Amino acid sequence: MPPFPQFEDLSEKLSNHFRPWQRSFQFWTRAADIYTGYKVFQVRMSFVKDVNKQEAMWERQHELAADKIYSMCSELGGFFLKVAQIVGKPDLAPAAWVKRLVTLCDKAPGTPFEMVRLVLEKELGQSVDEVFERFDVEPLGSASIAQVHRARLRGTKGDVAVKVQHDGVQDLMMTDIHNQAFACYLQKTDIKFDLFSITKEMEKQIGYEFDFVREAEAMERIGHFLRMNNKKAPVQVPRVKREMVTRKVLVMEFIDGIPILNLGDEIAKRGIDPGSKIAAMAKQNILKSLTLAYGQMILKSGFFHADPHPGNIMICKGSEVALLDYGQVKDLPDDLRLGYANLVLAIADNDSFRASQSYRDLGIGILVKCENEEKEMLKLAQTMFDTKLPPGMMMLQPFSEESSIKKIAVEAFPEELFSVLRTVHLLRGLSVGMGINYSCAEQWRPIAEEALFAAGRINVNDLKAKGRKGGFFGGIFRRG
């Protein structure tokens, strides 16, 4: 027994008390360094007239910032790994950021196996050797909240995936997300958008991710919906081992495949030219499957997987897609689901009046400070809720003076819609990464019409008047 246990207890209590302040201080110090670095750089750039020199300087600045962001996110862990997933998208972030941050999707710092063993045995009430015939010590991947191991249950033939929550991560992550001051600062300076509502919704959604029982139920519900609504489900959803699910452990069917991040390497490994028609067709099929699945989930069911970042997408044989990790799901109320269906039609038909009406119906508060109000509001809708980028553009530029978010202040944004917004942006990031520019709104139009028709919001004559014909995804990728 230690000689002064009371002092050790006091030391631990003091450490836990000051830990949130220490993390906040570390975050603010690093974030301020990155932010002011860009602001100072912008001043320096105003004195450089040579375009080629400007591009080289910007590239170097992005590389320096990427190293700092990577270090901050990987060392602090917790919520900041989520930030890396959101920021490091090819349609939003500079290439240097994407290249550096994309590795954090499923290669976050892992929990040592001895700690994993303790969590498993506490949650399942048996030793690892009693439950599993084989258990791979090295995880298949590690993310912000949990890591996944491949294993085989005793008395079975097929392998399973075992998801185990990192010990102590919940307190750590919820401490981080409560620090919303930086979002409020950006909202008042560089981005005229209701970021506070977004951080509140993120807080709620991330809080759900720590309950694997809830995740298992979501996985079963979505899997059942997709199988019932299609002859063949557009994406594979792992089947749950119900008797082996607790709040911190989730055992499910193992799906064999490669992470979508490794698709380019896998194509090259098979001797296929990455620029060939075969490679392009494979990418189109993958994007088609994901888009169909998400269109049906969001617009027909309202209950959807809300975290399609690259670490959660696997590519199986024949370009089939598996969608993993159901910790973040969203159940949209019918009024928002149908309101969004109406906005999808407005975007697909370039209908600025309908877009403006949809904003009001959805409760999105807009303050327009420019000419051509309706045109800019439609442009904002396309920027926020469609995957297609304007001709010649390969990434969004929210800080640009020409950005619709600069011209139009989004003063109120429903928290419930954030998951839809994030999902569309992640799909756009995937499409840009694959070199395919297409409109998810155009592809979702038939599903949106079906949802509105079923709810009595439109009738058969409306569809006839528009002359709708052709199946879903008719002409996809030829238009874009």
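This is a predicted model: local features need pLDDT of at least 70, side-chain atom pairs count only at pLDDT 80 or more; totals for chains, interfaces and linings use all residues.
Two strands count as paired if DSSP finds at least two bridges between them.

Strand 4 covers residues 160-165, and six of its six residues are buried. In a regular strand, side chains alternate between the two faces of the sheet. Here both faces are covered: V160, V162 and V164 are buried on one side, and A161, K163 and Q165 are buried on the other.

Who are the partners of strand 4? Strand 3 (residues 146-153) runs antiparallel to strand 4 and is joined to it by six bridges. Strand 6 (residues 249-253) is also antiparallel to strand 4, with five bridges between the two. Strand 6 is itself mostly covered, with four of its five residues buried.

Strand 6 has a further antiparallel partner in strand 5 (residues 240-245), to which two bridges join it.

Here are some of the bridge partners, residue by residue:

| Residue | Bridge partner | Strand of the partner |
|---|---|---|
| A146 | Q165 | strand 4 |
| A161 | M252 | strand 6 |
| V240 | M252 | strand 6 |

M252 is worth a look on screen, as it is the bridge partner of A161 and also of V240.

Two hairpins complete the picture. Strand 5 and strand 6 form another, with three residues between them.

Definitions and conventions:
Residues are numbered from 1 along each chain as its sequence is written. Side-chain values use heavy atoms; hydrogens and water are left out. Buried means under 20% relative accessible area, exposed over 50%, partly exposed in between (1.4 Å probe, protein chains only).
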